[in-house]
Amino acid sequence: MKRLWVPLLLPFLACQAAQSQEDVDELIAAFENGIIAGIPIQGEPVVKETLEQRLEHLGVPAVSIAVMENGVIEWAKAYGLADVAEGRSATPNTLFQAASISKPVAATAALKLVDDGMVTLDQDVNELLRSWQVPENRHVASERVTLRRLVTHSAGMTVHGFPGYSREERIPTTVEVLDGAGNTDPIRVDTTPGGLWRYSGGGYTVMQLLVTDLTRQPFPEVLYDWVLRPFGMILSTYEQPLSEGRHSEAATAYRVGGAEVEHKWHVYPEMAAAGLWTTPSDLIRFALGILDAYHGRSNGVLSQKIARAMLTPGIRNHGLGPAILADGAVFGHGGTNEGYRCQLYAYIDTGDGVAVMTNSDNGDVLNQEIINTLAELYDWPALKAEARAVAKVEPGLLEELVGRYDITDDIVVVLEVVDGRLWADVTGRSRQQLLPESESAFFGRADGTEVFFVRENGRVVALVVEGARAERRQ
(Lines give C-alpha, C1' and ligand atoms only; values in the text may rest on other atoms or scores of the structure.)
Protein backbone atom coordinates (compact mmCIF):
# COMPACT_ATOMS: atom_id res chain seq x y z
CA MET A 1 0.00 0.00 0.00
CA LYS A 2 3.00 2.32 0.24
CA ARG A 3 3.68 4.86 -2.47
CA LEU A 4 6.54 7.10 -3.51
CA TRP A 5 6.88 10.72 -2.38
CA VAL A 6 7.16 13.68 -4.74
CA PRO A 7 6.93 17.39 -3.92
CA LEU A 8 3.75 18.98 -5.29
CA LEU A 9 1.96 22.27 -4.60
CA LEU A 10 -0.14 20.76 -1.83
CA PRO A 11 -0.28 21.52 1.91
CA PHE A 12 1.86 18.47 2.61
CA LEU A 13 3.04 15.75 0.21
CA ALA A 14 1.15 13.73 -2.33
CA CYS A 15 1.80 10.35 -3.86
CA GLN A 16 3.43 9.88 -7.23
CA ALA A 17 0.87 7.39 -8.44
CA ALA A 18 -2.34 7.18 -6.48
CA GLN A 19 -3.97 3.81 -6.04
CA SER A 20 -6.85 3.16 -8.36
CA GLN A 21 -10.32 3.52 -6.92
CA GLU A 22 -10.72 -0.21 -7.43
CA ASP A 23 -7.72 -0.89 -5.18
CA VAL A 24 -9.05 1.45 -2.51
CA ASP A 25 -12.49 -0.14 -2.71
CA GLU A 26 -10.96 -3.60 -2.24
CA LEU A 27 -9.05 -2.40 0.78
CA ILE A 28 -12.18 -0.85 2.30
CA ALA A 29 -14.09 -4.08 1.71
CA ALA A 30 -11.34 -6.09 3.42
CA PHE A 31 -11.55 -3.70 6.36
CA GLU A 32 -15.35 -3.77 6.62
CA ASN A 33 -15.42 -7.58 6.53
CA GLY A 34 -12.39 -8.33 8.70
CA ILE A 35 -12.41 -6.31 11.93
CA ILE A 36 -10.04 -7.82 14.50
CA ALA A 37 -12.28 -8.35 17.52
CA GLY A 38 -10.64 -7.65 20.86
CA ILE A 39 -6.94 -7.84 21.64
CA PRO A 40 -4.96 -10.71 20.08
CA ILE A 41 -3.80 -13.18 22.72
CA GLN A 42 -0.80 -15.46 22.27
CA GLY A 43 -1.93 -19.04 21.68
CA GLU A 44 -5.47 -18.05 20.76
CA PRO A 45 -6.90 -17.69 17.24
CA VAL A 46 -7.55 -14.16 16.00
CA VAL A 47 -11.29 -13.51 15.82
CA LYS A 48 -12.57 -11.38 12.94
CA GLU A 49 -16.07 -10.03 12.36
CA THR A 50 -17.72 -7.52 10.06
CA LEU A 51 -17.85 -3.88 11.09
CA GLU A 52 -21.64 -4.14 11.16
CA GLN A 53 -21.39 -7.04 13.63
CA ARG A 54 -18.99 -5.10 15.87
CA LEU A 55 -21.25 -2.03 15.89
CA GLU A 56 -24.18 -4.20 16.95
CA HIS A 57 -22.21 -6.26 19.46
CA LEU A 58 -20.72 -3.22 21.19
CA GLY A 59 -23.88 -1.14 20.99
CA VAL A 60 -22.23 1.75 19.15
CA PRO A 61 -24.75 3.66 16.98
CA ALA A 62 -22.23 5.27 14.60
CA VAL A 63 -18.58 5.42 13.69
CA SER A 64 -16.83 7.78 11.28
CA ILE A 65 -13.34 7.11 9.90
CA ALA A 66 -10.76 8.94 7.80
CA VAL A 67 -7.50 7.38 6.60
CA MET A 68 -4.49 9.19 5.19
CA GLU A 69 -1.59 7.71 3.25
CA ASN A 70 1.52 9.63 2.18
CA GLY A 71 0.04 12.94 3.22
CA VAL A 72 -3.38 12.77 1.55
CA ILE A 73 -6.79 11.61 2.72
CA GLU A 74 -7.22 8.28 0.93
CA TRP A 75 -10.77 7.58 2.07
CA ALA A 76 -13.39 8.65 4.58
CA LYS A 77 -16.60 6.79 5.43
CA ALA A 78 -19.22 6.77 8.15
CA TYR A 79 -21.34 3.85 9.31
CA GLY A 80 -24.50 3.57 11.39
CA LEU A 81 -26.84 6.17 12.81
CA ALA A 82 -26.02 9.69 13.91
CA ASP A 83 -29.39 9.73 15.67
CA VAL A 84 -31.24 6.50 16.42
CA ALA A 85 -34.66 7.99 17.17
CA GLU A 86 -34.61 10.05 13.99
CA GLY A 87 -33.15 7.23 11.91
CA ARG A 88 -30.59 9.75 10.66
CA SER A 89 -27.53 8.14 9.08
CA ALA A 90 -24.01 9.27 9.87
CA THR A 91 -22.00 10.71 6.99
CA PRO A 92 -18.34 11.71 6.70
CA ASN A 93 -19.51 15.30 7.38
CA THR A 94 -21.36 14.44 10.60
CA LEU A 95 -19.99 16.39 13.55
CA PHE A 96 -18.76 14.59 16.67
CA GLN A 97 -17.32 16.03 19.85
CA ALA A 98 -13.55 15.55 19.67
CA ALA A 99 -13.31 15.63 23.48
CA SER A 100 -9.65 15.76 24.52
CA ILE A 101 -8.39 15.88 20.94
CA SER A 102 -9.52 19.49 21.39
CA LYS A 103 -6.34 19.98 23.43
CA PRO A 104 -3.61 19.70 20.76
CA VAL A 105 -5.75 21.69 18.31
CA ALA A 106 -6.23 24.43 20.91
CA ALA A 107 -2.54 24.28 21.86
CA THR A 108 -1.74 25.19 18.25
CA ALA A 109 -3.34 28.62 18.76
CA ALA A 110 -1.35 29.14 21.96
CA LEU A 111 1.85 28.19 20.15
CA LYS A 112 1.02 30.72 17.44
CA LEU A 113 1.07 33.31 20.23
CA VAL A 114 4.66 32.18 20.86
CA ASP A 115 5.51 32.48 17.17
CA ASP A 116 3.99 35.97 17.15
CA GLY A 117 6.04 37.07 20.17
CA MET A 118 3.07 37.62 22.48
CA VAL A 119 4.23 35.05 25.04
CA THR A 120 7.19 32.74 25.62
CA LEU A 121 6.91 29.09 26.47
CA ASP A 122 8.61 29.54 29.83
CA GLN A 123 7.08 32.83 30.95
CA ASP A 124 5.01 33.01 34.13
CA VAL A 125 1.42 33.11 32.81
CA ASN A 126 0.40 35.42 35.66
CA GLU A 127 2.42 38.14 33.95
CA LEU A 128 -0.05 37.97 31.04
CA LEU A 129 -3.41 36.90 32.48
CA ARG A 130 -5.72 39.89 32.90
CA SER A 131 -9.08 38.54 34.03
CA TRP A 132 -7.85 35.96 36.54
CA GLN A 133 -4.62 34.90 38.24
CA VAL A 134 -3.21 31.51 39.22
CA PRO A 135 -3.57 31.75 43.02
CA GLU A 136 -0.33 32.09 44.94
CA ASN A 137 0.60 29.32 47.34
CA ARG A 138 3.67 27.48 48.57
CA HIS A 139 3.80 25.29 45.46
CA VAL A 140 4.44 28.25 43.13
CA ALA A 141 6.89 30.00 45.44
CA SER A 142 9.94 28.72 43.54
CA GLU A 143 8.48 27.35 40.26
CA ARG A 144 5.85 29.08 38.18
CA VAL A 145 3.02 28.00 35.88
CA THR A 146 4.11 28.47 32.26
CA LEU A 147 2.59 27.79 28.86
CA ARG A 148 5.02 24.92 28.29
CA ARG A 149 3.91 23.29 31.52
CA LEU A 150 0.22 23.84 30.83
CA VAL A 151 0.28 22.13 27.43
CA THR A 152 2.46 19.25 28.66
CA HIS A 153 0.38 18.52 31.77
CA SER A 154 3.29 19.35 34.06
CA ALA A 155 2.06 22.61 35.64
CA GLY A 156 0.97 20.89 38.85
CA MET A 157 -2.67 21.83 38.24
CA THR A 158 -5.76 20.02 39.41
CA VAL A 159 -8.96 18.77 37.70
CA HIS A 160 -8.38 15.83 35.38
CA GLY A 161 -11.41 16.30 33.14
CA PHE A 162 -14.90 17.75 32.81
CA PRO A 163 -18.39 16.18 32.71
CA GLY A 164 -19.94 19.02 30.72
CA TYR A 165 -23.37 20.54 31.24
CA SER A 166 -26.85 19.70 30.05
CA ARG A 167 -28.02 22.02 27.28
CA GLU A 168 -30.77 23.13 29.69
CA GLU A 169 -28.33 24.26 32.40
CA ARG A 170 -26.71 27.64 32.89
CA ILE A 171 -23.20 27.48 31.42
CA PRO A 172 -20.48 29.02 33.62
CA THR A 173 -17.83 31.41 32.35
CA THR A 174 -14.21 30.38 32.06
CA VAL A 175 -13.32 32.26 35.24
CA GLU A 176 -16.21 30.60 37.10
CA VAL A 177 -14.92 27.19 35.99
CA LEU A 178 -11.43 28.09 37.20
CA ASP A 179 -12.78 29.12 40.60
CA GLY A 180 -14.98 26.05 41.06
CA ALA A 181 -18.32 27.78 40.49
CA GLY A 182 -19.28 25.16 37.90
CA ASN A 183 -19.60 21.40 38.43
CA THR A 184 -15.91 20.72 39.13
CA ASP A 185 -13.48 21.68 41.86
CA PRO A 186 -11.47 24.92 41.68
CA ILE A 187 -8.49 24.64 39.36
CA ARG A 188 -5.44 25.16 41.49
CA VAL A 189 -1.75 24.26 41.73
CA ASP A 190 -1.33 21.55 44.36
CA THR A 191 2.17 20.33 43.56
CA THR A 192 5.35 22.04 42.39
CA PRO A 193 5.11 23.02 38.69
CA GLY A 194 7.51 21.01 36.55
CA GLY A 195 7.82 18.28 39.15
CA LEU A 196 5.61 15.60 37.65
CA TRP A 197 3.30 14.73 34.77
CA ARG A 198 -0.37 14.62 35.66
CA TYR A 199 -3.14 14.92 33.10
CA SER A 200 -5.03 18.15 33.70
CA GLY A 201 -7.90 19.52 31.69
CA GLY A 202 -7.79 22.28 34.27
CA GLY A 203 -4.42 23.41 32.97
CA TYR A 204 -5.82 23.69 29.45
CA THR A 205 -8.63 25.87 30.80
CA VAL A 206 -5.99 28.26 32.12
CA MET A 207 -4.44 28.17 28.64
CA GLN A 208 -7.85 28.96 27.14
CA LEU A 209 -8.09 32.08 29.30
CA LEU A 210 -4.55 33.08 28.37
CA VAL A 211 -5.49 32.99 24.67
CA THR A 212 -8.62 35.09 25.13
CA ASP A 213 -6.93 37.56 27.48
CA LEU A 214 -4.10 38.17 25.03
CA THR A 215 -6.22 38.35 21.88
CA ARG A 216 -9.28 39.98 23.47
CA GLN A 217 -11.43 37.82 21.21
CA PRO A 218 -13.82 34.91 21.90
CA PHE A 219 -12.03 31.56 21.94
CA PRO A 220 -14.07 29.98 19.08
CA GLU A 221 -13.28 32.94 16.83
CA VAL A 222 -9.55 32.81 17.59
CA LEU A 223 -9.39 29.09 16.91
CA TYR A 224 -11.37 29.33 13.68
CA ASP A 225 -9.34 32.24 12.32
CA TRP A 226 -5.93 31.02 13.48
CA VAL A 227 -6.14 27.22 13.12
CA LEU A 228 -9.34 25.69 11.76
CA ARG A 229 -9.77 27.80 8.61
CA PRO A 230 -6.05 27.89 7.64
CA PHE A 231 -5.85 24.11 7.99
CA GLY A 232 -8.98 23.60 5.90
CA MET A 233 -11.08 22.40 8.87
CA ILE A 234 -14.06 24.39 7.66
CA LEU A 235 -16.71 22.10 9.17
CA SER A 236 -15.15 22.33 12.65
CA THR A 237 -16.00 24.73 15.44
CA TYR A 238 -15.28 25.39 19.11
CA GLU A 239 -18.75 26.89 19.57
CA GLN A 240 -20.11 25.90 22.97
CA PRO A 241 -23.02 25.53 22.85
CA LEU A 242 -23.23 24.46 19.22
CA SER A 243 -25.37 26.92 17.26
CA GLU A 244 -28.92 25.67 16.76
CA GLY A 245 -28.62 25.85 12.99
CA ARG A 246 -25.98 23.11 13.09
CA HIS A 247 -27.80 20.65 15.35
CA SER A 248 -28.85 18.55 12.36
CA GLU A 249 -25.16 18.08 11.48
CA ALA A 250 -24.27 16.63 14.89
CA ALA A 251 -24.22 13.03 16.06
CA THR A 252 -26.32 12.44 19.16
CA ALA A 253 -24.36 11.04 22.12
CA TYR A 254 -25.24 7.70 23.72
CA ARG A 255 -24.51 5.88 26.96
CA VAL A 256 -23.40 2.28 27.38
CA GLY A 257 -26.63 0.38 26.84
CA GLY A 258 -27.97 2.76 24.21
CA ALA A 259 -29.72 5.52 26.18
CA GLU A 260 -29.32 9.05 24.80
CA VAL A 261 -27.25 11.53 26.75
CA GLU A 262 -29.73 14.01 28.21
CA HIS A 263 -30.78 16.59 25.62
CA LYS A 264 -28.64 14.85 22.94
CA TRP A 265 -25.18 16.01 24.14
CA HIS A 266 -23.41 18.04 26.78
CA VAL A 267 -22.02 21.56 26.53
CA TYR A 268 -18.36 22.18 27.41
CA PRO A 269 -17.36 25.75 28.30
CA GLU A 270 -13.90 24.24 28.85
CA MET A 271 -13.41 24.59 25.11
CA ALA A 272 -9.64 24.13 24.92
CA ALA A 273 -9.87 20.92 26.91
CA ALA A 274 -12.99 19.36 25.43
CA GLY A 275 -15.03 21.71 23.22
CA LEU A 276 -14.16 20.96 19.59
CA TRP A 277 -16.91 19.77 17.23
CA THR A 278 -15.32 18.18 14.17
CA THR A 279 -15.10 15.28 11.72
CA PRO A 280 -12.41 12.64 11.20
CA SER A 281 -11.42 14.23 7.88
CA ASP A 282 -10.94 17.58 9.58
CA LEU A 283 -8.82 15.93 12.29
CA ILE A 284 -6.65 14.50 9.52
CA ARG A 285 -6.39 18.01 8.04
CA PHE A 286 -5.20 19.21 11.44
CA ALA A 287 -2.53 16.51 11.51
CA LEU A 288 -1.45 17.40 7.98
CA GLY A 289 -1.26 21.08 8.90
CA ILE A 290 1.08 20.31 11.77
CA LEU A 291 3.19 18.02 9.57
CA ASP A 292 3.25 20.67 6.87
CA ALA A 293 4.85 23.12 9.32
CA TYR A 294 7.10 20.42 10.81
CA HIS A 295 8.59 19.65 7.39
CA GLY A 296 9.15 23.31 6.59
CA ARG A 297 6.23 23.98 4.29
CA SER A 298 4.84 27.30 5.44
CA ASN A 299 1.13 27.39 6.07
CA GLY A 300 0.87 30.65 7.96
CA VAL A 301 -0.03 29.00 11.25
CA LEU A 302 3.16 27.69 12.88
CA SER A 303 6.83 28.11 12.14
CA GLN A 304 8.93 25.01 11.56
CA LYS A 305 10.76 25.70 14.82
CA ILE A 306 7.65 25.69 16.97
CA ALA A 307 6.08 22.76 15.05
CA ARG A 308 9.20 20.68 15.70
CA ALA A 309 9.06 21.65 19.38
CA MET A 310 5.40 20.62 19.42
CA LEU A 311 6.27 17.11 18.21
CA THR A 312 9.34 16.63 20.42
CA PRO A 313 8.65 14.22 23.29
CA GLY A 314 9.16 15.68 26.73
CA ILE A 315 7.96 14.61 30.15
CA ARG A 316 5.95 11.36 29.88
CA ASN A 317 6.50 11.40 26.09
CA HIS A 318 4.17 14.37 25.76
CA GLY A 319 4.80 17.08 23.21
CA LEU A 320 3.42 20.61 23.29
CA GLY A 321 -0.15 19.37 23.00
CA PRO A 322 -0.12 15.86 21.47
CA ALA A 323 1.29 12.64 22.84
CA ILE A 324 4.39 11.36 21.02
CA LEU A 325 4.45 7.60 20.55
CA ALA A 326 6.55 4.80 19.09
CA ASP A 327 9.94 6.36 19.88
CA GLY A 328 8.96 9.61 18.22
CA ALA A 329 7.46 8.11 15.05
CA VAL A 330 3.81 8.94 15.72
CA PHE A 331 1.83 11.73 17.34
CA GLY A 332 -1.77 11.66 18.40
CA HIS A 333 -4.39 12.03 21.08
CA GLY A 334 -7.53 10.34 22.30
CA GLY A 335 -10.79 11.86 23.46
CA THR A 336 -13.53 11.02 25.96
CA ASN A 337 -16.61 13.20 26.40
CA GLU A 338 -20.01 12.13 27.66
CA GLY A 339 -21.28 9.86 24.88
CA TYR A 340 -18.33 10.33 22.52
CA ARG A 341 -15.04 8.48 22.06
CA CYS A 342 -12.40 9.29 19.44
CA GLN A 343 -8.77 8.74 18.47
CA LEU A 344 -6.21 10.35 16.15
CA TYR A 345 -2.81 8.98 15.10
CA ALA A 346 -0.38 10.36 12.51
CA TYR A 347 3.08 9.20 11.41
CA ILE A 348 5.45 12.15 11.49
CA ASP A 349 7.75 11.15 8.63
CA THR A 350 5.40 9.31 6.25
CA GLY A 351 2.11 11.20 6.53
CA ASP A 352 0.12 8.03 7.22
CA GLY A 353 -2.57 7.97 9.85
CA VAL A 354 -6.16 7.58 10.94
CA ALA A 355 -8.92 9.39 12.81
CA VAL A 356 -11.88 7.52 14.30
CA MET A 357 -14.92 9.05 16.03
CA THR A 358 -17.89 7.32 17.69
CA ASN A 359 -21.03 8.54 19.45
CA SER A 360 -21.08 6.10 22.36
CA ASP A 361 -19.49 5.71 25.77
CA ASN A 362 -18.63 2.22 24.53
CA GLY A 363 -16.74 3.53 21.50
CA ASP A 364 -13.25 2.99 22.96
CA VAL A 365 -13.27 -0.71 22.21
CA LEU A 366 -14.49 -0.26 18.64
CA ASN A 367 -11.98 2.54 18.00
CA GLN A 368 -9.12 0.31 19.06
CA GLU A 369 -10.36 -2.61 16.98
CA ILE A 370 -10.63 -0.36 13.92
CA ILE A 371 -7.12 1.01 14.39
CA ASN A 372 -5.70 -2.49 14.93
CA THR A 373 -7.36 -3.71 11.73
CA LEU A 374 -6.25 -0.76 9.60
CA ALA A 375 -2.70 -1.06 10.95
CA GLU A 376 -2.56 -4.62 9.63
CA LEU A 377 -4.02 -3.70 6.25
CA TYR A 378 -1.78 -0.64 5.75
CA ASP A 379 1.30 -2.10 7.45
CA TRP A 380 1.63 0.57 10.16
CA PRO A 381 4.05 -1.19 12.54
CA ALA A 382 3.76 1.28 15.41
CA LEU A 383 -0.04 0.94 15.50
CA LYS A 384 -0.29 -2.83 15.13
CA ALA A 385 -1.66 -4.75 18.09
CA GLU A 386 0.92 -7.30 19.18
CA ALA A 387 -0.45 -10.54 20.54
CA ARG A 388 -0.30 -10.23 24.33
CA ALA A 389 1.03 -12.96 26.60
CA VAL A 390 -1.09 -13.86 29.60
CA ALA A 391 0.83 -14.74 32.75
CA LYS A 392 -0.23 -17.44 35.18
CA VAL A 393 -0.98 -16.05 38.62
CA GLU A 394 -2.25 -17.59 41.82
CA PRO A 395 -6.05 -17.45 42.08
CA GLY A 396 -5.74 -15.70 45.43
CA LEU A 397 -3.92 -12.79 43.78
CA LEU A 398 -7.04 -11.76 41.88
CA GLU A 399 -9.01 -11.63 45.13
CA GLU A 400 -6.41 -9.24 46.56
CA LEU A 401 -7.22 -6.75 43.79
CA VAL A 402 -10.99 -6.69 44.30
CA GLY A 403 -12.41 -3.38 45.46
CA ARG A 404 -13.30 0.18 44.56
CA TYR A 405 -10.69 2.59 43.22
CA ASP A 406 -11.46 6.30 42.82
CA ILE A 407 -9.81 8.26 40.00
CA THR A 408 -11.97 11.31 40.82
CA ASP A 409 -15.21 11.78 42.73
CA ASP A 410 -17.06 11.00 39.50
CA ILE A 411 -14.80 8.39 37.85
CA VAL A 412 -14.61 5.10 39.71
CA VAL A 413 -13.09 1.69 38.92
CA VAL A 414 -14.75 -1.33 40.54
CA LEU A 415 -12.99 -4.71 40.33
CA GLU A 416 -14.56 -8.06 41.10
CA VAL A 417 -13.77 -11.72 40.50
CA VAL A 418 -16.44 -13.84 38.79
CA ASP A 419 -15.79 -17.52 37.98
CA GLY A 420 -12.06 -17.02 38.50
CA ARG A 421 -11.82 -14.00 36.18
CA LEU A 422 -11.07 -10.39 37.11
CA TRP A 423 -13.60 -7.89 35.75
CA ALA A 424 -13.43 -4.10 35.69
CA ASP A 425 -16.34 -1.68 35.69
CA VAL A 426 -15.25 1.89 34.96
CA THR A 427 -17.64 4.84 35.12
CA GLY A 428 -18.97 5.52 31.64
CA ARG A 429 -17.45 2.40 30.06
CA SER A 430 -18.61 -1.15 29.46
CA ARG A 431 -17.35 -3.97 31.65
CA GLN A 432 -14.29 -5.84 30.46
CA GLN A 433 -12.04 -8.59 31.70
CA LEU A 434 -8.53 -7.75 32.95
CA LEU A 435 -5.80 -10.26 32.09
CA PRO A 436 -2.45 -10.47 33.92
CA GLU A 437 0.94 -9.87 32.30
CA SER A 438 2.56 -10.07 35.72
CA GLU A 439 1.44 -9.85 39.34
CA SER A 440 1.17 -6.07 39.10
CA ALA A 441 0.50 -5.38 35.40
CA PHE A 442 -2.81 -6.23 33.72
CA PHE A 443 -4.52 -5.27 30.45
CA GLY A 444 -8.09 -5.05 29.18
CA ARG A 445 -9.18 -8.04 27.11
CA ALA A 446 -11.34 -5.85 24.89
CA ASP A 447 -9.19 -2.76 24.24
CA GLY A 448 -5.75 -3.44 25.73
CA THR A 449 -5.97 -0.69 28.36
CA GLU A 450 -3.01 -1.13 30.70
CA VAL A 451 -3.60 -1.23 34.45
CA PHE A 452 -0.81 -1.20 37.02
CA PHE A 453 -1.34 -1.98 40.71
CA VAL A 454 0.54 -0.11 43.40
CA ARG A 455 1.46 -1.91 46.62
CA GLU A 456 2.61 -0.56 49.95
CA ASN A 457 3.73 -2.95 52.67
CA GLY A 458 2.43 -5.84 50.58
CA ARG A 459 -1.10 -4.42 50.23
CA VAL A 460 -2.64 -3.02 47.05
CA VAL A 461 -3.41 0.65 47.73
CA ALA A 462 -3.98 2.07 44.24
CA LEU A 463 -4.01 1.39 40.54
CA VAL A 464 -2.80 3.47 37.61
CA VAL A 465 -4.78 3.49 34.35
CA GLU A 466 -4.10 5.74 31.35
CA GLY A 467 -1.79 7.88 33.45
CA ALA A 468 -4.37 8.46 36.19
CA ARG A 469 -3.90 7.11 39.70
CA ALA A 470 -6.96 5.66 41.39
CA GLU A 471 -6.85 5.31 45.17
CA ARG A 472 -8.32 2.18 46.71
CA ARG A 473 -11.29 3.00 48.94
CA GLN A 474 -12.46 -0.45 49.94
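Me: Which residues of β5 are buried on one side, and which on the other?

Reply: A62, S64, A66 and M68 are buried on one side of β5, and V63, I65, V67 and E69 are buried on the other. Buried here means under 20% relative accessible area, exposed means over 50%, and partly exposed is in between (1.4 Å probe, protein chains only). Before we go on, this is a predicted model: local features need pLDDT of at least 70, side-chain atom pairs count only at pLDDT 80 or more, and totals for chains, interfaces and linings use all residues. Residues are numbered from 1 along each chain as its sequence is written, and side-chain values use heavy atoms, with hydrogens and water left out.

Me: Why do the residues split into two sides like that?

Reply: In a regular strand the side chains alternate between the two faces of the sheet. As for β5 (residues 62-69), eight of its eight residues are buried, so the strand is largely enclosed by the rest of the structure.

Me: How do you decide what counts as a strand or a helix?

Reply: They're DSSP runs numbered from the N terminus: H or I with at least four residues for helices, E with at least two for strands.

Me: OK, and which strands does β5 run antiparallel to?

Reply: One is β6 (residues 72-83), joined to β5 by eight bridges. Another is β15 (residues 353-358), with six bridges to β5. Two strands pair if DSSP finds at least two bridges between them.

Me: Is α9 enclosed or open?

Reply: Largely enclosed by the rest of the structure, because 14 of its 15 residues are buried. Just after α9 comes G296, with a positive phi of about 85 degrees.

Me: New topic, charges. How many salt bridges are there?

Reply: The count comes to 32, taking a salt bridge as a side-chain nitrogen of Lys or Arg within 4 Å of a carboxyl oxygen of Asp or Glu. One of them joins R445 and E44, whose closest N and O atoms are 3.4 Å apart. R445 lies in the loop between β20 (441-444) and β21 (450-456) and E44 in the loop between β3 (35-36) and β4 (48-49), so the pair ties together parts 401 residues apart in sequence.

Me: How accessible are R445 and E44?

Reply: Both come out partly exposed: R445 has a relative accessible area of 25%, and E44 has 42%.

Me: Which residue does E437 meet in a salt bridge?

Reply: R388, at 3.0 Å from N to O. E437 is in the loop between β19 (432-436) and β20, and R388 is in the loop between α11 (363-378) and α12 (395-401), 49 residues apart. E437 is partly exposed at 33%, whereas R388 is buried at 15%.

Me: Which ring does R388 lie over?

Reply: R388 lies over the face of F443, 4.4 Å from the ring centre. The rule is NZ of Lys or CZ of Arg within 6 Å of the ring centre and within 35 degrees of the ring normal. K112 does likewise over W226, at 5.6 Å.

Me: Which residues are linked in a network of salt bridges?

Reply: R255, E262, E338, R341, D361 and D364.

Me: And how many aromatic pairs does the structure hold?

Reply: Nine. Rings of Phe, Tyr and Trp (its six-membered ring) pair if their centres lie within 6.5 Å; planes under 30 degrees apart count as stacked, over 60 as edge-to-face and the rest as tilted. W197 and Y199 make a tilted pair, 6.3 Å centre to centre with 55 degrees between the planes. W265 and W277 are edge-to-face, at 5.2 Å and 75 degrees.

Me: Are W265 and W277 buried or exposed?

Reply: W265 is buried at 4% relative accessibility, and W277 is buried at 0%. Together with Y340, W265 and W277 form one aromatic cluster.
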